[in-house]
Amino acid sequence: MASLTEIAVSEGAVPEVDIAIAGGGMAGLTLAWALLRARPTLRLAVIEQQGAVERSVSFDSRSIALAAASVQQLQAWQLWPELAAKACPIRHIHVSDRGHFGKCYLTAEQFGLTEFGAVLEVEHLGQLLQQRLQNVPQEQLLMLQPDHIVALQQQQDQVQLQLASGKQLSASLLVVCEGGLSPTRQLAGFALSTEHYQQTAVIANLALAEPHQERAYERFTADGPIALLPLPGKRYSLVWTTSPEQAARLMQLGDSEFTAAAQQAFGYRAGVFVKSGARASYPLTLRRSASPVLHRIALAGNSLHSLHPIAGQGFNLALRDIAALVQLVENHTQNQPTDKNSAAEIGGYAMLRQYQLAREADMQQVMTLTDGLVRLFSNRSRLVALGRNLGLLGMLLCDDLKQPLAHQAMGYNAMQRLQAQLKEFSNHAAL
Ligand SMILES: Cc1cc2nc3c(=O)[nH]c(=O)nc-3n(C[C@H](O)[C@H](O)[C@H](O)COP(=O)(O)OP(=O)(O)OC[C@H]3O[C@@H](n4cnc5c(N)ncnc54)[C@H](O)[C@@H]3O)c2cc1C
(Lines give C-alpha, C1' and ligand atoms only; values in the text may rest on other atoms or scores of the structure.)
Protein backbone atom coordinates (compact mmCIF):
# COMPACT_ATOMS: atom_id res chain seq x y z
CA MET A 1 0.00 0.00 0.00
CA ALA A 2 1.35 3.43 -0.92
CA SER A 3 1.70 5.76 2.01
CA LEU A 4 -0.02 9.08 1.82
CA THR A 5 0.16 11.98 4.15
CA GLU A 6 -1.14 14.77 1.94
CA ILE A 7 -4.73 13.51 1.75
CA ALA A 8 -6.46 14.65 4.88
CA VAL A 9 -9.90 13.04 4.54
CA SER A 10 -10.97 11.48 7.78
CA GLU A 11 -11.63 7.73 8.09
CA GLY A 12 -15.27 6.81 7.53
CA ALA A 13 -16.09 9.87 5.40
CA VAL A 14 -18.82 9.32 2.79
CA PRO A 15 -17.06 8.35 -0.45
CA GLU A 16 -17.35 10.98 -3.13
CA VAL A 17 -17.89 8.31 -5.75
CA ASP A 18 -18.84 4.64 -5.60
CA ILE A 19 -16.29 3.56 -8.18
CA ALA A 20 -13.24 5.37 -9.55
CA ILE A 21 -11.88 3.96 -12.81
CA ALA A 22 -8.22 4.74 -13.54
CA GLY A 23 -7.67 4.68 -17.32
CA GLY A 24 -10.30 5.67 -19.87
CA GLY A 25 -9.27 3.36 -22.70
CA MET A 26 -11.12 0.38 -24.19
CA ALA A 27 -11.58 -1.42 -20.86
CA GLY A 28 -12.13 1.66 -18.67
CA LEU A 29 -14.78 3.36 -20.82
CA THR A 30 -16.59 0.10 -21.59
CA LEU A 31 -16.70 -0.59 -17.84
CA ALA A 32 -18.05 2.92 -17.09
CA TRP A 33 -20.77 2.54 -19.71
CA ALA A 34 -21.77 -0.98 -18.65
CA LEU A 35 -21.88 -0.02 -14.95
CA LEU A 36 -24.10 3.00 -15.60
CA ARG A 37 -26.46 0.90 -17.68
CA ALA A 38 -26.72 -1.72 -14.94
CA ARG A 39 -27.03 0.74 -12.04
CA PRO A 40 -27.91 4.26 -13.22
CA THR A 41 -27.75 5.58 -9.63
CA LEU A 42 -24.03 4.82 -9.28
CA ARG A 43 -21.59 7.70 -8.99
CA LEU A 44 -18.47 7.09 -11.08
CA ALA A 45 -15.24 8.89 -11.88
CA VAL A 46 -12.93 8.11 -14.81
CA ILE A 47 -9.35 9.35 -14.50
CA GLU A 48 -7.61 9.37 -17.90
CA GLN A 49 -4.10 10.66 -18.48
CA GLN A 50 -4.82 11.90 -22.00
CA GLY A 51 -6.87 15.01 -22.74
CA ALA A 52 -10.35 14.66 -24.27
CA VAL A 53 -9.20 16.07 -27.61
CA GLU A 54 -6.08 13.91 -27.98
CA ARG A 55 -6.20 10.77 -30.10
CA SER A 56 -6.35 8.01 -27.51
CA VAL A 57 -3.51 5.51 -27.30
CA SER A 58 -6.13 2.84 -26.63
CA PHE A 59 -8.45 3.68 -29.53
CA ASP A 60 -5.68 3.81 -32.15
CA SER A 61 -5.57 2.35 -35.67
CA ARG A 62 -5.79 -1.23 -34.34
CA SER A 63 -8.57 -3.65 -35.26
CA ILE A 64 -9.63 -6.43 -32.94
CA ALA A 65 -11.27 -9.77 -33.52
CA LEU A 66 -14.24 -10.12 -31.19
CA ALA A 67 -15.47 -13.61 -30.36
CA ALA A 68 -19.19 -14.25 -30.94
CA ALA A 69 -19.74 -14.29 -27.14
CA SER A 70 -18.10 -10.84 -26.86
CA VAL A 71 -20.34 -9.50 -29.63
CA GLN A 72 -23.32 -10.82 -27.65
CA GLN A 73 -22.04 -9.07 -24.54
CA LEU A 74 -21.65 -5.75 -26.40
CA GLN A 75 -25.17 -6.29 -27.68
CA ALA A 76 -26.45 -6.73 -24.12
CA TRP A 77 -24.81 -3.42 -23.19
CA GLN A 78 -26.55 -1.72 -26.15
CA LEU A 79 -23.28 -0.96 -27.93
CA TRP A 80 -23.39 -3.43 -30.77
CA PRO A 81 -26.35 -2.11 -32.77
CA GLU A 82 -24.31 0.97 -33.72
CA LEU A 83 -21.06 -0.94 -34.20
CA ALA A 84 -22.44 -3.81 -36.29
CA ALA A 85 -22.54 -1.80 -39.51
CA LYS A 86 -18.88 -0.84 -39.05
CA ALA A 87 -17.69 -4.37 -38.25
CA CYS A 88 -17.01 -7.33 -40.53
CA PRO A 89 -18.18 -10.84 -39.63
CA ILE A 90 -15.68 -13.73 -39.65
CA ARG A 91 -17.30 -16.66 -41.44
CA HIS A 92 -14.19 -18.67 -42.31
CA ILE A 93 -10.84 -19.18 -40.59
CA HIS A 94 -7.76 -20.50 -42.37
CA VAL A 95 -4.71 -21.54 -40.32
CA SER A 96 -1.40 -22.58 -41.89
CA ASP A 97 2.26 -23.14 -40.98
CA ARG A 98 4.68 -21.48 -43.42
CA GLY A 99 7.09 -23.88 -45.10
CA HIS A 100 5.20 -26.95 -43.80
CA PHE A 101 2.28 -29.07 -44.97
CA GLY A 102 -0.12 -28.42 -42.05
CA LYS A 103 -3.20 -26.32 -42.56
CA CYS A 104 -6.74 -26.16 -41.23
CA TYR A 105 -9.99 -24.54 -42.45
CA LEU A 106 -12.94 -23.74 -40.26
CA THR A 107 -16.24 -22.44 -41.57
CA ALA A 108 -18.97 -21.11 -39.29
CA GLU A 109 -21.54 -23.11 -41.24
CA GLN A 110 -19.90 -26.39 -40.15
CA PHE A 111 -20.81 -25.48 -36.58
CA GLY A 112 -24.35 -24.37 -37.41
CA LEU A 113 -23.40 -20.71 -37.00
CA THR A 114 -23.57 -17.68 -39.24
CA GLU A 115 -20.23 -16.32 -37.97
CA PHE A 116 -17.41 -17.00 -35.48
CA GLY A 117 -17.26 -13.37 -34.40
CA ALA A 118 -16.48 -10.00 -35.95
CA VAL A 119 -13.60 -7.63 -36.61
CA LEU A 120 -13.89 -4.04 -35.45
CA GLU A 121 -11.59 -1.03 -35.85
CA VAL A 122 -11.23 0.07 -32.22
CA GLU A 123 -11.60 3.77 -33.03
CA HIS A 124 -15.31 3.10 -33.73
CA LEU A 125 -15.73 1.68 -30.24
CA GLY A 126 -13.87 4.70 -28.81
CA GLN A 127 -16.04 7.22 -30.67
CA LEU A 128 -19.25 5.51 -29.59
CA LEU A 129 -18.26 5.24 -25.92
CA GLN A 130 -17.05 8.84 -25.77
CA GLN A 131 -20.24 10.07 -27.42
CA ARG A 132 -22.47 8.07 -25.05
CA LEU A 133 -20.58 9.04 -21.91
CA GLN A 134 -20.50 12.75 -22.83
CA ASN A 135 -24.26 12.81 -22.32
CA VAL A 136 -24.13 11.41 -18.78
CA PRO A 137 -24.67 14.12 -16.10
CA GLN A 138 -21.63 15.05 -13.98
CA GLU A 139 -23.33 13.89 -10.77
CA GLN A 140 -23.21 10.36 -12.19
CA LEU A 141 -19.94 10.47 -14.08
CA LEU A 142 -16.96 12.69 -13.38
CA MET A 143 -14.53 12.66 -16.33
CA LEU A 144 -11.15 13.73 -14.96
CA GLN A 145 -8.76 14.22 -17.88
CA PRO A 146 -5.97 14.84 -18.45
CA ASP A 147 -5.14 13.62 -14.98
CA HIS A 148 -3.63 10.67 -13.16
CA ILE A 149 -3.25 9.25 -9.69
CA VAL A 150 -0.05 10.22 -7.89
CA ALA A 151 -0.80 8.69 -4.49
CA LEU A 152 -3.39 6.46 -2.90
CA GLN A 153 -4.36 5.26 0.51
CA GLN A 154 -6.53 2.22 1.23
CA GLN A 155 -8.77 2.66 4.25
CA GLN A 156 -11.36 0.38 5.77
CA ASP A 157 -14.32 1.51 3.62
CA GLN A 158 -12.73 3.45 0.83
CA VAL A 159 -9.64 4.26 -1.14
CA GLN A 160 -8.42 7.85 -1.21
CA LEU A 161 -6.80 9.19 -4.31
CA GLN A 162 -4.53 12.13 -4.85
CA LEU A 163 -4.47 13.29 -8.47
CA ALA A 164 -1.69 15.11 -10.32
CA SER A 165 -4.03 18.11 -10.78
CA GLY A 166 -4.20 18.53 -7.00
CA LYS A 167 -7.74 17.13 -6.83
CA GLN A 168 -8.59 14.52 -4.21
CA LEU A 169 -11.14 11.80 -4.53
CA SER A 170 -12.39 8.95 -2.42
CA ALA A 171 -14.13 5.86 -3.76
CA SER A 172 -15.53 2.62 -2.38
CA LEU A 173 -13.70 0.83 -5.15
CA LEU A 174 -10.86 1.73 -7.50
CA VAL A 175 -10.73 -0.26 -10.75
CA VAL A 176 -7.41 0.09 -12.53
CA CYS A 177 -7.68 -0.11 -16.34
CA GLU A 178 -4.49 1.74 -17.27
CA GLY A 179 -3.18 -0.85 -19.71
CA GLY A 180 -0.09 -3.06 -19.46
CA LEU A 181 2.27 -0.45 -17.98
CA SER A 182 -0.14 0.83 -15.32
CA PRO A 183 1.63 3.16 -12.83
CA THR A 184 -1.28 2.90 -10.35
CA ARG A 185 -0.94 -0.90 -10.24
CA GLN A 186 2.65 -0.36 -9.17
CA LEU A 187 1.73 2.39 -6.71
CA ALA A 188 -0.78 0.06 -5.05
CA GLY A 189 1.87 -2.67 -4.73
CA PHE A 190 0.46 -5.45 -6.97
CA ALA A 191 3.06 -8.17 -7.64
CA LEU A 192 3.61 -8.72 -11.35
CA SER A 193 5.24 -11.30 -13.60
CA THR A 194 6.62 -10.11 -16.92
CA GLU A 195 8.10 -11.96 -19.85
CA HIS A 196 9.27 -10.30 -23.05
CA TYR A 197 8.64 -12.39 -26.16
CA GLN A 198 11.36 -10.71 -28.25
CA GLN A 199 8.67 -10.26 -30.90
CA THR A 200 7.02 -7.09 -32.17
CA ALA A 201 3.63 -6.78 -33.88
CA VAL A 202 3.44 -4.44 -36.87
CA ILE A 203 -0.10 -3.52 -37.83
CA ALA A 204 -1.51 -1.89 -40.96
CA ASN A 205 -4.66 -2.05 -43.04
CA LEU A 206 -4.30 -3.55 -46.52
CA ALA A 207 -6.53 -2.82 -49.51
CA LEU A 208 -7.30 -5.86 -51.67
CA ALA A 209 -7.89 -6.34 -55.37
CA GLU A 210 -10.77 -8.79 -54.74
CA PRO A 211 -13.35 -9.26 -51.91
CA HIS A 212 -12.08 -11.37 -48.99
CA GLN A 213 -15.27 -13.42 -48.51
CA GLU A 214 -15.15 -12.69 -44.75
CA ARG A 215 -12.25 -15.04 -44.29
CA ALA A 216 -9.63 -14.60 -41.53
CA TYR A 217 -6.14 -16.04 -41.96
CA GLU A 218 -3.48 -16.95 -39.47
CA ARG A 219 -0.14 -18.04 -40.86
CA PHE A 220 2.56 -19.19 -38.49
CA THR A 221 6.16 -18.40 -39.37
CA ALA A 222 9.37 -19.03 -37.42
CA ASP A 223 9.54 -15.30 -36.51
CA GLY A 224 5.93 -15.17 -35.33
CA PRO A 225 2.36 -15.41 -36.66
CA ILE A 226 0.92 -13.20 -39.40
CA ALA A 227 -2.82 -12.60 -39.17
CA LEU A 228 -5.21 -11.08 -41.69
CA LEU A 229 -8.56 -10.03 -40.27
CA PRO A 230 -11.35 -9.08 -42.72
CA LEU A 231 -12.62 -5.48 -42.54
CA PRO A 232 -15.68 -3.96 -44.25
CA GLY A 233 -14.98 -3.31 -47.94
CA LYS A 234 -12.09 -4.97 -49.69
CA ARG A 235 -9.73 -4.49 -46.74
CA TYR A 236 -7.72 -6.59 -44.32
CA SER A 237 -6.28 -5.65 -40.96
CA LEU A 238 -2.75 -7.09 -40.94
CA VAL A 239 -1.06 -8.09 -37.67
CA TRP A 240 2.50 -9.09 -38.60
CA THR A 241 4.45 -10.47 -35.69
CA THR A 242 8.15 -10.70 -36.22
CA SER A 243 11.55 -10.10 -34.62
CA PRO A 244 12.13 -6.58 -33.21
CA GLU A 245 14.88 -6.03 -35.81
CA GLN A 246 12.68 -6.95 -38.76
CA ALA A 247 9.79 -4.94 -37.32
CA ALA A 248 12.06 -1.87 -37.18
CA ARG A 249 12.96 -2.44 -40.85
CA LEU A 250 9.28 -2.88 -41.83
CA MET A 251 8.37 0.37 -40.08
CA GLN A 252 10.99 2.22 -42.18
CA LEU A 253 9.70 1.00 -45.58
CA GLY A 254 7.68 3.16 -47.96
CA ASP A 255 3.99 2.16 -48.40
CA SER A 256 4.45 0.29 -51.68
CA GLU A 257 7.57 -1.51 -50.41
CA PHE A 258 5.68 -2.53 -47.27
CA THR A 259 2.72 -3.80 -49.34
CA ALA A 260 5.13 -5.88 -51.45
CA ALA A 261 6.88 -7.23 -48.34
CA ALA A 262 3.52 -8.27 -46.81
CA GLN A 263 2.54 -9.98 -50.06
CA GLN A 264 5.81 -11.87 -50.14
CA ALA A 265 5.55 -12.95 -46.51
CA PHE A 266 1.92 -14.05 -46.83
CA GLY A 267 1.80 -15.35 -50.39
CA TYR A 268 -1.32 -15.04 -52.58
CA ARG A 269 -3.79 -17.30 -50.77
CA ALA A 270 -5.56 -14.23 -49.35
CA GLY A 271 -5.50 -12.37 -52.68
CA VAL A 272 -3.50 -9.46 -54.10
CA PHE A 273 -2.65 -6.59 -51.74
CA VAL A 274 -2.85 -3.28 -53.61
CA LYS A 275 -2.18 -0.67 -50.92
CA SER A 276 -1.29 -0.35 -47.24
CA GLY A 277 -2.37 2.24 -44.67
CA ALA A 278 -0.73 3.77 -41.58
CA ARG A 279 1.51 1.43 -39.60
CA ALA A 280 2.05 1.06 -35.85
CA SER A 281 4.22 -1.34 -33.88
CA TYR A 282 3.85 -2.98 -30.45
CA PRO A 283 6.59 -4.86 -28.58
CA LEU A 284 4.96 -8.02 -27.22
CA THR A 285 5.08 -8.98 -23.57
CA LEU A 286 3.25 -11.44 -21.36
CA ARG A 287 2.30 -9.65 -18.15
CA ARG A 288 0.20 -10.94 -15.34
CA SER A 289 -0.64 -9.59 -11.94
CA ALA A 290 -0.28 -12.18 -9.15
CA SER A 291 -3.74 -11.19 -7.90
CA PRO A 292 -6.60 -9.28 -9.53
CA VAL A 293 -7.44 -7.53 -6.23
CA LEU A 294 -6.04 -5.80 -3.19
CA HIS A 295 -8.09 -4.14 -0.47
CA ARG A 296 -10.61 -1.80 -2.24
CA ILE A 297 -8.77 -2.12 -5.58
CA ALA A 298 -9.41 -4.36 -8.61
CA LEU A 299 -7.46 -4.67 -11.86
CA ALA A 300 -9.14 -5.20 -15.24
CA GLY A 301 -8.11 -5.41 -18.90
CA ASN A 302 -4.44 -5.14 -19.80
CA SER A 303 -3.54 -3.93 -16.29
CA LEU A 304 -4.52 -7.41 -15.12
CA HIS A 305 -3.30 -9.43 -18.13
CA SER A 306 -1.35 -8.43 -21.25
CA LEU A 307 -1.20 -11.15 -23.86
CA HIS A 308 0.44 -11.90 -27.19
CA PRO A 309 -2.13 -11.12 -29.93
CA ILE A 310 -1.60 -14.57 -31.54
CA ALA A 311 -5.09 -15.76 -30.59
CA GLY A 312 -6.82 -12.33 -30.46
CA GLN A 313 -7.90 -12.87 -26.85
CA GLY A 314 -6.84 -9.69 -24.96
CA PHE A 315 -9.96 -7.57 -25.22
CA ASN A 316 -12.23 -10.62 -25.23
CA LEU A 317 -10.78 -11.50 -21.83
CA ALA A 318 -11.13 -7.86 -20.70
CA LEU A 319 -14.84 -7.95 -21.61
CA ARG A 320 -15.26 -10.90 -19.25
CA ASP A 321 -13.46 -8.94 -16.47
CA ILE A 322 -15.95 -6.13 -17.09
CA ALA A 323 -18.95 -8.46 -17.22
CA ALA A 324 -17.86 -9.95 -13.88
CA LEU A 325 -17.40 -6.55 -12.22
CA VAL A 326 -20.74 -5.27 -13.48
CA GLN A 327 -22.60 -8.37 -12.29
CA LEU A 328 -20.89 -8.29 -8.90
CA VAL A 329 -21.67 -4.59 -8.43
CA GLU A 330 -25.28 -5.41 -9.28
CA ASN A 331 -25.31 -8.29 -6.79
CA HIS A 332 -23.79 -6.15 -4.06
CA THR A 333 -26.24 -3.28 -4.48
CA GLN A 334 -29.30 -5.50 -5.00
CA ASN A 335 -32.53 -3.69 -4.11
CA GLN A 336 -30.71 -0.92 -2.34
CA PRO A 337 -30.45 2.70 -3.39
CA THR A 338 -26.84 3.83 -3.66
CA ASP A 339 -26.44 5.38 -0.24
CA LYS A 340 -23.61 5.18 2.26
CA ASN A 341 -24.46 1.64 3.31
CA SER A 342 -24.79 0.08 -0.12
CA ALA A 343 -21.77 1.99 -1.43
CA ALA A 344 -19.74 0.44 1.37
CA GLU A 345 -20.70 -2.98 -0.03
CA ILE A 346 -19.19 -2.15 -3.39
CA GLY A 347 -15.51 -2.98 -3.25
CA GLY A 348 -15.88 -4.81 0.07
CA TYR A 349 -14.13 -8.08 0.87
CA ALA A 350 -16.94 -10.36 -0.38
CA MET A 351 -17.24 -8.65 -3.73
CA LEU A 352 -13.51 -8.54 -4.41
CA ARG A 353 -13.01 -12.14 -3.31
CA GLN A 354 -15.75 -13.20 -5.75
CA TYR A 355 -14.11 -11.17 -8.52
CA GLN A 356 -10.83 -12.94 -7.83
CA LEU A 357 -12.48 -16.37 -7.92
CA ALA A 358 -14.47 -15.52 -11.06
CA ARG A 359 -11.45 -14.34 -13.03
CA GLU A 360 -8.49 -16.49 -12.05
CA ALA A 361 -9.27 -19.75 -13.87
CA ASP A 362 -10.37 -18.05 -17.12
CA MET A 363 -7.33 -15.82 -17.11
CA GLN A 364 -4.96 -18.69 -16.40
CA GLN A 365 -6.49 -20.81 -19.16
CA VAL A 366 -6.33 -18.08 -21.82
CA MET A 367 -2.78 -17.11 -20.83
CA THR A 368 -1.58 -20.72 -20.92
CA LEU A 369 -3.20 -21.31 -24.31
CA THR A 370 -1.87 -18.09 -25.82
CA ASP A 371 1.63 -18.54 -24.45
CA GLY A 372 1.64 -22.21 -25.50
CA LEU A 373 0.67 -21.29 -29.08
CA VAL A 374 3.46 -18.69 -29.28
CA ARG A 375 6.03 -21.23 -28.11
CA LEU A 376 4.70 -24.11 -30.21
CA PHE A 377 4.65 -22.15 -33.44
CA SER A 378 7.92 -20.26 -32.86
CA ASN A 379 9.77 -23.52 -32.26
CA ARG A 380 12.18 -24.28 -35.11
CA SER A 381 12.73 -27.94 -34.11
CA ARG A 382 11.76 -30.23 -37.00
CA LEU A 383 10.17 -32.69 -34.62
CA VAL A 384 7.98 -30.01 -33.04
CA ALA A 385 7.11 -28.70 -36.53
CA LEU A 386 6.07 -32.22 -37.56
CA GLY A 387 3.89 -32.59 -34.45
CA ARG A 388 2.09 -29.28 -34.91
CA ASN A 389 1.56 -29.93 -38.63
CA LEU A 390 0.06 -33.32 -37.88
CA GLY A 391 -2.22 -31.51 -35.43
CA LEU A 392 -3.31 -29.02 -38.10
CA LEU A 393 -3.74 -31.81 -40.66
CA GLY A 394 -5.82 -33.76 -38.13
CA MET A 395 -8.08 -30.74 -37.73
CA LEU A 396 -8.38 -30.42 -41.49
CA LEU A 397 -9.55 -34.01 -41.75
CA CYS A 398 -11.55 -34.45 -38.60
CA ASP A 399 -14.44 -32.23 -37.53
CA ASP A 400 -14.22 -33.42 -33.88
CA LEU A 401 -10.71 -32.01 -33.55
CA LYS A 402 -11.89 -28.64 -34.88
CA GLN A 403 -14.38 -28.20 -32.07
CA PRO A 404 -11.92 -26.92 -29.40
CA LEU A 405 -10.43 -24.35 -31.83
CA ALA A 406 -13.88 -23.20 -32.93
CA HIS A 407 -15.10 -22.92 -29.33
CA GLN A 408 -12.04 -20.89 -28.42
CA ALA A 409 -12.70 -18.57 -31.39
CA MET A 410 -16.31 -18.04 -30.32
CA GLY A 411 -15.60 -17.64 -26.59
CA TYR A 412 -18.96 -19.12 -25.52
CA ASN A 413 -17.55 -21.63 -23.04
CA ALA A 414 -15.65 -19.04 -21.03
CA MET A 415 -18.61 -16.65 -20.95
CA GLN A 416 -21.00 -19.43 -19.90
CA ARG A 417 -18.65 -20.60 -17.13
CA LEU A 418 -18.37 -17.02 -15.87
CA GLN A 419 -22.14 -16.53 -15.86
CA ALA A 420 -22.70 -19.82 -14.00
CA GLN A 421 -20.12 -18.88 -11.37
CA LEU A 422 -21.58 -15.39 -10.86
CA LYS A 423 -25.05 -16.88 -10.55
CA GLU A 424 -23.78 -19.22 -7.86
CA PHE A 425 -22.28 -16.26 -5.97
CA SER A 426 -25.55 -14.36 -6.10
CA ASN A 427 -27.34 -17.44 -4.68
CA HIS A 428 -24.91 -17.51 -1.74
CA ALA A 429 -24.75 -13.81 -0.94
CA ALA A 430 -21.40 -13.95 0.89
CA LEU A 431 -18.57 -16.46 0.99
C1 LIG B 1 -1.33 -5.74 -32.26
C2 LIG B 1 -2.45 -6.08 -31.33
C3 LIG B 1 -3.54 -6.77 -31.79
C4 LIG B 1 -4.61 -7.11 -30.93
N5 LIG B 1 -5.64 -7.82 -31.40
C6 LIG B 1 -6.64 -8.20 -30.57
C7 LIG B 1 -7.74 -8.96 -31.03
O8 LIG B 1 -7.82 -9.30 -32.21
N9 LIG B 1 -8.72 -9.32 -30.14
C10 LIG B 1 -8.65 -8.95 -28.83
O11 LIG B 1 -9.55 -9.31 -28.06
N12 LIG B 1 -7.63 -8.22 -28.36
C13 LIG B 1 -6.61 -7.83 -29.19
N14 LIG B 1 -5.59 -7.07 -28.71
C15 LIG B 1 -5.58 -6.68 -27.29
C16 LIG B 1 -6.34 -5.37 -27.01
O17 LIG B 1 -5.85 -4.33 -27.81
C18 LIG B 1 -6.19 -5.03 -25.52
O19 LIG B 1 -6.75 -6.09 -24.80
C20 LIG B 1 -6.90 -3.74 -25.15
O21 LIG B 1 -6.28 -2.64 -25.74
C22 LIG B 1 -6.85 -3.55 -23.63
O23 LIG B 1 -7.50 -2.36 -23.29
P24 LIG B 1 -7.17 -1.61 -21.92
O25 LIG B 1 -8.16 -0.51 -21.84
O26 LIG B 1 -7.05 -2.58 -20.83
O27 LIG B 1 -5.69 -1.01 -22.10
P28 LIG B 1 -5.15 0.19 -23.11
O29 LIG B 1 -5.81 -0.05 -24.42
O30 LIG B 1 -3.70 0.10 -22.99
O31 LIG B 1 -5.75 1.50 -22.46
C32 LIG B 1 -5.23 2.03 -21.26
C33 LIG B 1 -5.79 3.43 -21.04
O34 LIG B 1 -5.31 3.92 -19.78
C35 LIG B 1 -4.72 5.20 -19.94
N36 LIG B 1 -3.67 5.34 -18.92
C37 LIG B 1 -2.44 4.77 -18.88
N38 LIG B 1 -1.80 5.13 -17.77
C39 LIG B 1 -2.62 5.94 -17.09
C40 LIG B 1 -2.52 6.63 -15.84
N41 LIG B 1 -1.44 6.55 -15.06
N42 LIG B 1 -3.58 7.39 -15.43
C43 LIG B 1 -4.69 7.50 -16.20
N44 LIG B 1 -4.85 6.87 -17.40
C45 LIG B 1 -3.81 6.09 -17.81
C46 LIG B 1 -4.22 5.22 -21.38
O47 LIG B 1 -4.10 6.56 -21.85
C48 LIG B 1 -5.34 4.45 -22.08
O49 LIG B 1 -6.41 5.29 -22.41
C50 LIG B 1 -4.53 -6.73 -29.56
C51 LIG B 1 -3.41 -6.01 -29.09
C52 LIG B 1 -2.39 -5.70 -29.96
C53 LIG B 1 -1.20 -4.93 -29.44
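1. Angles under 35 degrees count as roughly parallel, over 145 as roughly antiparallel, 65 to 115 as roughly perpendicular, and the rest as oblique. Keep that scale handy for the helix pairs below. What you are looking at is a predicted model, where local features need pLDDT of at least 70, side-chain atom pairs count only at pLDDT 80 or more, and totals for chains, interfaces and linings use all residues. Residues are numbered from 1 along each chain as its sequence is written.

2. Let's start with helix H1 (residues 26–38) and helix H8 (residues 314–331), whose axes are 10 Å apart and at an angle of about 30°. Here helices (H or I, at least four residues) and strands (E, at least two) are DSSP runs, numbered from the N terminus. Axes are lines fitted to C-alpha atoms, for helices over the stretch in contact, and angles run from 0 to 180 degrees between N-to-C directions. H1 and H8 are therefore roughly parallel to each other.

3. H1 passes H8 in a right-handed crossing. A crossing is right-handed if the near helix is turned clockwise from the far one by less than a right angle, and left-handed if anticlockwise. On the H1 side, the contact includes Met-26, Leu-31 and Ala-38, and on the H8 side Phe-315, Ile-322 and Glu-330 are among the residues. Contact means that the C-beta atoms of two residues, placed from the backbone, lie within 7 Å. By class, the contact of H1 with H8 has 12 nonpolar, 1 polar and 1 charged residues. Ala, Val, Leu, Ile, Met, Phe, Trp, Tyr, Cys and Pro count as nonpolar, Asp, Glu, Lys and Arg as charged, and the others, Gly among them, as polar.

4. How do H1 and helix H4 (residues 122–134) cross? Their axes come within 10 Å, at roughly 40°. H1 and H4 are therefore oblique to each other, and their crossing is left-handed. Leu-29 and Trp-33 of H1 are among the contact residues, as are Leu-125 and Arg-132 of H4. This contact divides into 8 nonpolar, 1 polar and 1 charged residues.

5. H8 also packs with helix H13 (residues 412–427), at an angle of about 15° and with the axes 11 Å apart. That makes H8 roughly parallel to H13. The crossing of H8 past H13 is right-handed. Residues in the contact include Arg-320 and Leu-328 of H8, and Met-415 and Phe-425 of H13. By class, there are 8 nonpolar, 3 polar and 1 charged residues.

6. Now find the ligand, which is surrounded by 37 residues; the closest are Gly-23, Gly-25, Gly-179, Gly-301 and Gly-314. A residue is near a molecule or strand if its C-beta atom, placed from the backbone, lies within 6 Å of it. The shell around the ligand divides into 16 nonpolar, 18 polar and 3 charged residues. Which helix gives the most to this shell? H8 does, with 4 residues. Domain 1 (17–86 + 116–195 + 285–427) and domain 2 (197–283) both give residues to the shell, so the ligand lies between them. The domain bounds come from an automatic or database domain assignment.

7. Two backbone details are worth a look. A cis peptide bond, with omega about -5°, joins Gln-145 and Pro-146. Pro-146 lies in the loop between strand S8 (141–144) and strand S9 (149–154). Gln-213 is not a glycine, yet has a positive phi of about 60°.
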